[in-house]
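I have kept to what can be read from the coordinates and have given each cut-off where its term comes in.

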Amino acid sequence: MNYDESLKYLFSLGRELSAPTQAAAAKFDLENISTLAEALGHPERRYRSIHIAGTNGKGSTAAFIESILRTAGRKTGLYTSPHLERINERIRVNGEEISDEEFAQSFTRIQTLIEELLARGKLRAHPTFFEVVTALAFEHVARAGVEFAIFEVGLGGRLDATNILAPEVAVITRVDFDHENFLGHSLADIAREKAGIIKHGVPVVMAAQRPEAREAILHRAAELGAVVCESDKVFAAENVSAADGCVRADVVNVKGGTRVRVAPNLCGRFQLGNAVNAIAVVETLRRRGEKVSDAAMERGIANAVWPGRIEKLQSGPDVYLDGAHNPSAARELANFLKENFAGRNITLLFAAMRDKAVDEIAGILFPHAAAVIFTQPKISRAISAAQLAEMAGEYAGRFRVIPDVQEAFEEALANAGADDAIFVTGSLYLVGELRQYWKRRAQVAAH
């Protein structure tokens, strides 16, 4: 199959979370991915891996770790989800996305193998979209000969397709409420699902957690004899400041040792916690004999790229993209607005998926905006702009309903003064769609 044919087939399998009953039945089971990995010769065992679960901060933490290791001269793989614009973004080697040709070749090999396994009765059902892409990632980074691969969990942890890894380090970023229909309705339940990535004797790096989540994670680690580094307790941040919305700090190991200057180019004070998690992972690797200098940590953090999370597109008016799609991420964006945009005229372009806590997110974000434009990306899970206005309009000072994303964006730009700001938020699908439009728009303007 060529690239377009591969994508068409892959997307016909259904996207993550598109049909909750189907996802609950098919996704939460490691049988398919285990069978597929075995038939592929276990590519996921041919490199050292780092496995990351959590509600928020997984992607940024993964990006920091990958950038540090690459800066230190290691050949790296990176697997993240979802993608913003193209599926190729999910699978990277040394920072480069998998090419269309490599994607098609790898998909064709895996699909041929799946058909053989189905014919022989080795698979009971066709693997899901996420299982196939995960197998493709396992294989692609193995073929590329990477030394380290960083894998972000797709959903939960315990029964996520990535959880057949035998990692060097398991990482659990901050746990909060999201995907409750799949993961449970208490913080302890959700934390137990995330803690499912912990393996016997494998060190764990854990971000600061609320008490019930912390207790659930520590309990699971103790059961498995896994030593836990609580990054907020092992490391302290000193001389904390901000420059252009980006945090600056000295991160110090309180037991003596490293002092690393953290200066990410990713906006938001919360990125300090993600950078500290990355430092904790690298220090864990260093204790196991890996040679990574403090300078590589500093440069790696400074050079890390993670689009769509408080990503600035332009100034005058300021335009930002932020896929805050759960209450925890909305609180971080609200803090960013309070800290950097107090007194400024802010317009929010807002969309949301049907499985999201719209009321809570709107209640957190909308008080910071002068106006909200409700819109909807081209995806079946999106709430219609009109319905969104009915659900959340009461939280907005002023609002408009403009279903077409591009039209909504142009309307916001046309009405914004040079000192105003526009934030596109509420959904990573909205962010991805507008990011693509922004690039096309810039190309047209350049000509």
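1. Of the 447 residues of the chain, 59% count as buried, where buried means under 20% relative accessible area, exposed means over 50% and partly exposed lies in between, with a 1.4 Å probe and protein chains only. The model is a predicted one, in which local features need pLDDT of at least 70 and side-chain atom pairs count only at pLDDT 80 or more, while totals for chains, interfaces and linings use all residues. Residues are numbered from 1 along each chain as its sequence is written, and side-chain values use heavy atoms, with hydrogens and water left out.

2. As to overall form, the radius of gyration of the chain is 22 Å, which agrees with the value near 22 Å that a compact globule of 447 residues would have; the radius is taken over C-alpha atoms, and the globule rule is 2.2 Å times the number of residues to the power 0.38. The C-alpha trace spans about 60 × 55 × 50 Å along its principal axes. Among contacts (heavy atoms within 4.5 Å) with a separation of 6 or more, 72% are between residues 24 or more positions apart.

3. The chain has 17 helices and 17 strands, these being DSSP runs numbered from the N terminus, with helices (H or I) of at least four residues and strands (E) of at least two.

4. Serine 6, in helix H1 (residues 3–12), counts as buried because its relative accessibility is 0%. Its side chain reaches the backbone oxygen of asparagine 2 at 2.8 Å, a polar contact in the sense of a pair of N or O atoms within 3.5 Å, where within protein one must be able to donate a hydrogen and the other to accept it, and residues adjacent in sequence count only if both atoms are side-chain atoms. Leaving aside neighbours within four places in sequence, serine 6 is in contact with Met1, Phe103, Ala104, Phe107 and Thr108.

5. Helix H17 (residues 428–446) has 19 residues and reaches 27 Å from its first C-alpha to its last, close to the 27 Å expected at 1.5 Å a residue; the expected span is 1.5 Å times one less than the number of residues. The buried residues of H17 include Leu428, Leu434, Tyr437 and Trp438, and what covers the buried residues of this helix includes strands S12 (311–314), S13 (318–322), S14 (346–350) and S17 (421–425), together with helix H16 (405–414). At the start of H17, a side-chain oxygen of serine 427 reaches to within 3.0 Å of the backbone nitrogen of tyrosine 429.

6. The count of salt bridges comes to 36, each being a side-chain nitrogen of Lys or Arg within 4 Å of a carboxyl oxygen of Asp or Glu. One of them joins arginine 48 and glutamate 168 at 3.0 Å, N to O, and this pair links distant parts of the chain, with arginine 48 in strand S1 (residues 48–53) and glutamate 168 in the loop between strand S5 (148–152) and strand S6 (169–172), 120 residues apart. Arginine 48 is partly exposed at 28% relative accessibility, whereas glutamate 168 is buried at 18%.

7. Which residue forms a salt bridge with arginine 48 at 2.6 Å between the closest N and O atoms? The partner is glutamate 290, which lies in the loop between helix H11 (271–287) and helix H12 (294–303), 242 residues apart from arginine 48. Glutamate 290 counts as buried because its relative accessibility is 13%.

8. Another salt bridge is formed by glutamate 97 and arginine 86, the closest N and O atoms being 3.8 Å apart. Glutamate 97 is in strand S4 (residues 96–97) and arginine 86 in the loop between strand S2 (76–79) and strand S3 (91–93), 11 residues apart. Glutamate 97 is partly exposed at 32% relative accessibility, and arginine 86 is partly exposed with a relative accessible area of 32%. Salt bridges that share partners join Arg48, Arg74, Glu168, Arg288 and Glu290 into one network.

9. The count of disulfides comes to 0, a disulfide being a pair of cysteine sulfur atoms within 2.5 Å. Cysteine 246 is in no disulfide, and its nearest cysteine sulfur, that of cysteine 267, is 3.9 Å away. Cysteine 246 is buried at 7% relative accessibility, and cysteine 267 is buried with a relative accessible area of 8%.
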